Amino acid sequence: MNKEDAIVFLKKYQPLPNDGEELEAIISVFDDVLKYFLDNPDPECIPLFLNCFGQGSGYGVYQLIEDVISKHNESDVIPHLKNALQSKYSSVRYWCAQIAERFESEDLIDGLINVYEKGDVDAKCASLTALSGIKSEKIKSLAKKTLEDETDEVLCEIAEDIVSG
């Protein structure tokens, strides 16, 4: 695997196929791409990884994307993460909300609120968890509204922590 092959592969899969036979057929190549960029960090891969998430777990490899992203400076990641949180793909928004938890950046607030508003309970939990590390009245207001509107226990616990913190 080299950089050119890895970039071509990632550009082809924006996003990757959903969990299933098609993804199974390419997952080993994707794993090689991940390993390449773990060993050879390159900012060019950041937006490609952030927008590659298909529906499902990616058979466990999606969790490794965060390891690749963590090899880069926050200033290189935040603009791409901000864009990915606005993706038309719910799977991209969900996984990027999980990655956003690493970054307590006010630049991500609107994108994370977008994920919260468009998401299912898992996406809401991921985005609210990421937001909980950022101090802002906008986030406290969202948490208060969550406590009024939501019944999911985990979601309400996260919101309660935000309001009381």
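Visitor: Which residues does Ser-127 touch, not counting residues up to four places away in sequence?

Guide: Contact means heavy atoms within 4.5 Å. By that rule, Ser-127 touches Ala-97, Leu-112, Val-115 and Tyr-116, leaving aside residues up to four places away in sequence. Ser-127 sits in helix 8 (residues 121–131). Helices here are DSSP runs of H or I with at least four residues, strands are E runs of at least two, and both are numbered from the N terminus. This is a predicted model, where local features need pLDDT of at least 70 and side-chain atom pairs count only at pLDDT 80 or more, while totals for chains, interfaces and linings use all residues. Residues are numbered from 1 along each chain as its sequence is written, and side-chain values use heavy atoms, with hydrogens and water left out.

Visitor: Is Ser-127 buried or exposed?

Guide: Buried means under 20% relative accessible area, exposed means over 50%, and partly exposed lies in between (1.4 Å probe, protein chains only). Ser-127 has a relative accessible area of 0%, so Ser-127 is buried.

Visitor: How do I read a helix pair, and at what angle do helix 8 and helix 10 cross?

Guide: Two packed helices are described by the angle between their axes and the distance between the axes. Axes are lines fitted to C-alpha atoms, for helices over the stretch in contact, and angles run from 0 to 180 degrees between N-to-C directions. The axes of helix 8 and helix 10 come within 10 Å and cross at roughly 20 degrees. Angles under 35 degrees count as roughly parallel, over 145 as roughly antiparallel, 65 to 115 as roughly perpendicular, and the rest as oblique. Helix 8 and helix 10 are therefore roughly parallel.

Visitor: Which residues make the contact of helix 8 with helix 10?

Guide: Helix 8 brings Val-121, Lys-124, Cys-125, Leu-128 and Thr-129, and helix 10 brings Val-154, Leu-155, Ile-158, Ala-159 and Ile-162. Ala, Val, Leu, Ile, Met, Phe, Trp, Tyr, Cys and Pro count as nonpolar, Asp, Glu, Lys and Arg as charged, and the others, Gly among them, as polar. This contact has eight nonpolar, one polar and one charged residues.

Visitor: How are helix 9 and helix 10 placed to each other?

Guide: Helix 9 (residues 137–149) and helix 10 (residues 153–164) have axes that come within 8 Å and cross at roughly 140 degrees. The pair is therefore oblique. Residues making the contact include Ala-143 and Leu-147 of helix 9, and Cys-156 and Ala-159 of helix 10. By class, the contact divides into eight nonpolar, one polar and three charged residues.

Visitor: How many disulfides are there in the whole structure?

Guide: A disulfide is a pair of cysteine sulfur atoms within 2.5 Å. The search of the whole structure finds zero. For Cys-156, the nearest cysteine sulfur is that of Cys-125, 9.2 Å away. Cys-156 is buried, at 19% relative accessible area. For Cys-45, the nearest cysteine sulfur belongs to Cys-52, 10.0 Å away. Cys-45 is buried too, at 0% relative accessibility.

Visitor: What about the backbone: which peptide bond is cis?

Guide: The bond from Gln-14 to Pro-15 is cis, with omega near 10 degrees. Pro-15 lies in the loop between helix 1 (3–12) and helix 2.

Visitor: And what is phi of Tyr-59?

Guide: Phi of Tyr-59 is near 55 degrees, a positive value in a residue other than glycine. Tyr-59 is in the loop between helix 3 (46–50) and helix 4. At 38% relative accessibility, Tyr-59 counts as partly exposed.
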